Amino acid sequence: MLFGTPRFVQGINLIGIRPSGLPGVRPTVWLAAHYDSKGQPISMATRIVGALCATLGAVALIVSLIAGWTLLPALAVGVLGGGILAQNRVTDRSAGAVDNASALVAVFKILDALPRHANVGVLFLDGEELGLLGARAFMAERAAALFDGAAVINFDGLDDRGRPLAFVHRTGPVVQAVAAELGAARARWLPVVVDGIILASRARECVTIMKGDWGTARVVHTPHDRAERLTLEGMRQVAAGVARALGAP
């Protein structure tokens, strides 16, 4: 639940395809990133802690009821988590440098590194920060015509610090090559919501590439997520690795 979210939201998804000169030829690889941003009174790290407390409190409450234990500790943990999550409202006070301007720049860097004939498409999605609305609309309206048999590499948050992380939604040779080239840690589940979760439902393979650490999570969605704290070296490393995996010289 995001308090302060507009009741009616209008957005635009941007789709880019290099002309191949051959009718019916579609990209075999899509580079995706959301271009919207949002601010919140609490960081992503704080929200993760709040969600964990709320979940643990609910589980502990059930166990306490069954076992006949005192309910006070479980209630305290649950209330703490609920109090944190109650601050989960949308503001306009974050520039969104890591989340997600860094990813947009990475896509352009990859395109610059690839040969002009590379069969790669670009998808810049809106509304990710409002419940993945742009990805959902794209899947409902355009995915069947563009995604069948394709691999999707989604980028979401590329900080200077931390190790690359491959959030693998649906594995395949492209996903494996990208993760290996980046030396990325791999995960099949993470406590984050990204467009790749939706895009994977139609793509042949799909991965979301992120880079950062707990310090990054403490910055995302806050006023501290600004361009001045980035050198973009992390973005350059990711872009160069993905380009190599896709056949850049």
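I started at N100: a polar atom of the N100 side chain lies 3.2 Å from the backbone oxygen of F155. I take a polar contact as a pair of N or O atoms within 3.5 Å; within protein, one must be able to donate a hydrogen and the other to accept it, and residues adjacent in sequence count only if both atoms are side-chain atoms. The model is predicted, so local features need pLDDT of at least 70 and side-chain atom pairs count only at pLDDT 80 or more, while totals for chains, interfaces and linings use all residues. Residues are numbered from 1 along each chain as its sequence is written, and side-chain values use heavy atoms, with hydrogens and water left out.

**N100, continued.** I placed N100 in helix α3 (residues 97–113). Helices (H or I, at least four residues) and strands (E, at least two) are DSSP runs, numbered from the N terminus. N100 counts as buried because its relative accessibility is 2%. Buried means under 20% relative accessible area, exposed over 50%, and partly exposed in between (1.4 Å probe, protein chains only). I then listed the contacts (heavy atoms within 4.5 Å). Beyond neighbours within four places in sequence, N100 touches A33, H34, F155, D156 and G157.

**Whole chain.** I counted nine helices and seven strands. Of the 249 residues, 45% are buried. Among contacts with a separation of 6 or more, 83% join residues 24 or more positions apart.

**Helix α6.** Which residues of α6 are buried? In this helix (residues 173–182) they are V174, V175, V178, A179 and L182. Seen down the axis of α6, they fall within an arc of 130°, so they line one face of the helix. The arc is that of the directions from the helix axis to the C-beta atoms. P173 and A180, on the other side of α6, are exposed. The cover over the buried residues includes β4 (151–158), β5 (163–170), β6 (185–187), β7 (205–212) and α9 (233–245). Just after α6, G183 has a positive phi of about 60°.

**Helix α4.** I repeated the check on α4 (residues 133–141), where G134, A135, F138 and M139 are buried. The buried residues of α4 fall within an arc of 130° seen down its axis, so they line one face of the helix. A140 and E141 are exposed on the other side of α4. Cover for the buried residues of α4 includes β1, β3 (120–125), α5 (143–146) and α7 (195–199).

**Salt bridges.** I found eight in the structure. The criterion is a side-chain nitrogen of Lys or Arg within 4 Å of a carboxyl oxygen of Asp or Glu. D159 and R229 form one of them, at 3.1 Å from N to O. D159 is in the loop between β4 and β5 and R229 in the loop between α8 (214–217) and α9, so the pair ties together parts 70 residues apart in sequence. Is D159 buried or exposed? D159 is buried, with a relative accessible area of 1%, whereas R229 is partly exposed at 25%.

R236 and E233 form a salt bridge with the closest N and O atoms 3.5 Å apart. Both residues lie in α9, three residues apart, about one turn of the helix. R236 is partly exposed at 37% relative accessible area, and E233 is partly exposed at 38%.
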